[in-house]
Amino acid sequence: KGARIVIIGGGVGGATAAKYLKIFDPSLRVTVIEKNRTYIRAYGSSEVLNQHSSMDELNVSYDALASRYGVNFVFDTVTGFDPQARTVSTAGKQILTYDRLIVSPGIQLLYDAYAGYSEAVANTAVPSGWIPGAQTALLAKQLQGMRQGGTFVMAAPPNPYRCPPGPYERPALMTEWFMKHNPTAKVIIVDPKDSFVTDQTMMLGWNRLYNFNLPEDYIKAMSPEVEIKQHAKPGMLNWVRGKDGGRPLRVDGKNMTIEIEAGVIQADVINVIPPMKAGQIALTLGLADKNGWCPVDRRNFASTLQPNVHVIGDASIADAMPKSAFAANTQAKVAARAIIEELAGRPAPEPFWENTCYALAGKDYGLFVADVFKVVEGKIARINKARYLPLEASAAQIKLAARYQQAWLRTFTDDCFA
Ligand code: FAD
């Protein structure tokens, strides 16, 4: 009988690892332990807020992984393990034995990082939704029901965080929605940071679609070839950077105010994306360092802290690779290949990884960052030069990028789960 591989977390990383392990070697006994019977995908979840998608459309079934590939599922919550006996234990008092353990638990949100904020406040008044679910539905309801002329404030997270372009796509999609349904609304991003990946292409989109005026230092940094029209009357979308006092300090869910370094903002709807670290189970199993993320041998994503364990996805430390679904998917394939080779006593091939994060500045305004990575001096490094949709891209290319984003949501989900 084949080796026993147990996978904690049936999200992007865990599901992909399970599928590809069974494709590479059908004799392996692969078991995924997952809390929820259905996966709710985070990627694409901001599109529920602007009514481009429904909550139901975020649900992904595990049926194909079980029936087509023979992956076993245990729907339970992992609570501990014994690395010597190589067993994992669950809240439901099950004990599973493994030869190799893959851990892909995603993130946990540090609600307590801001004064006045907590998981209880997030569940009832000031949702986050960065792990999708009931908070996503609550936020959608609040935004779509916001009073005419109301103010929506979104607090962007500090680095490192899940989905680098995500906190900028979300307010852009809401600005587009408000222009139609609530044209006197105001959207404010408050941010502890001064920049983000895809910032130039994203802000160029905001400039064209929402009369957003780019900060002067950004205009200076762009080539003079790029035509940027600054607007006498700036539009409804605003971005308060860290250097302008954008760092969030305190959230008051009763009075709907958020305090940032620059002062207190009265809002109608607040969405906080708090700081984050690896999913709690990674910390419980002793897989995380003092910063709350999991160090790994970059060649195969084997934990450097516990034997016979691999950590992939958002929870892992992957240097230049972002915490994205695309990254979790390629990390899963690399780890699966490395495990197969190691069990067979063969050396693992030199790994390469890819990542493409598509993002929308508007429904028909797409952009992306696309990278290729390999290990350089023990760290994962980017080896490509061009990364972004060019600033000079034509209207047709921009629209095509939005179509690619929608196509990616479908084909990518199939690659992980079907
Ligand atoms: P997850 O997919 O979160 O999976 C973790 C799983 O582990 C969950 O199912 C959870 O229930 C389970 N789990 C955790 N603890 C336990 C336990 N103790 N026992 C049992 N099960 C457990 N990425 C992109 O590439 N492109 C995008 O366009 C994109 N857009 C995004 C938009 C938004 C709004 C957000 C929030 C994220 C977006 N992402 C995007 C990021 C992407 O969703 C994550 O990077 C990806 O899901 C990470 O995969 P993972 O396997 O690490 O974690």
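A salt bridge is taken here as a side-chain nitrogen of Lys or Arg within 4 Å of a carboxyl oxygen of Asp or Glu. By that criterion the structure, which is a predicted model, holds 18 salt bridges, and the views below show some of them.

**View 1. The salt bridge between Asp 268 and Arg 147.** In this pair the closest N and O atoms are 2.9 Å apart. Asp 268 lies in the loop between β16 (263-266) and β17 (269-272), while Arg 147 lies in the loop between α4 (134-144) and β11 (151-155), so the contact ties together parts that are 121 residues apart in sequence. Asp 268 counts as partly exposed, its relative accessibility being 26%.

**View 2. The salt bridge between Lys 193 and Asp 191.** The two side chains meet with an N to O distance of 3.0 Å. Lys 193 is buried, at a relative accessible area of 8%, and Asp 191 is buried as well, with a value of 0%.

**View 3. The salt bridge between Asp 319 and Arg 298.** Here the closest N and O atoms stand 2.7 Å apart. The pair links distant parts of the chain, with Asp 319 in the loop between β21 (309-311) and α9 (325-343) and Arg 298 in the loop between β19 (296-297) and β20 (302-303), 21 residues apart. Asp 319 is partly exposed, with a relative accessible area of 30%, whereas Arg 298, at 13% relative accessibility, counts as buried because buried means under 20%.

Conventions:
Residues are numbered from 1 along each chain as its sequence is written. This is a predicted model: local features need pLDDT of at least 70, side-chain atom pairs count only at pLDDT 80 or more; totals for chains, interfaces and linings use all residues. Side-chain values use heavy atoms; hydrogens and water are left out. Helices (H or I, at least four residues) and strands (E, at least two) are DSSP runs, numbered from the N terminus. Buried means under 20% relative accessible area, exposed over 50%, partly exposed in between (1.4 Å probe, protein chains only).
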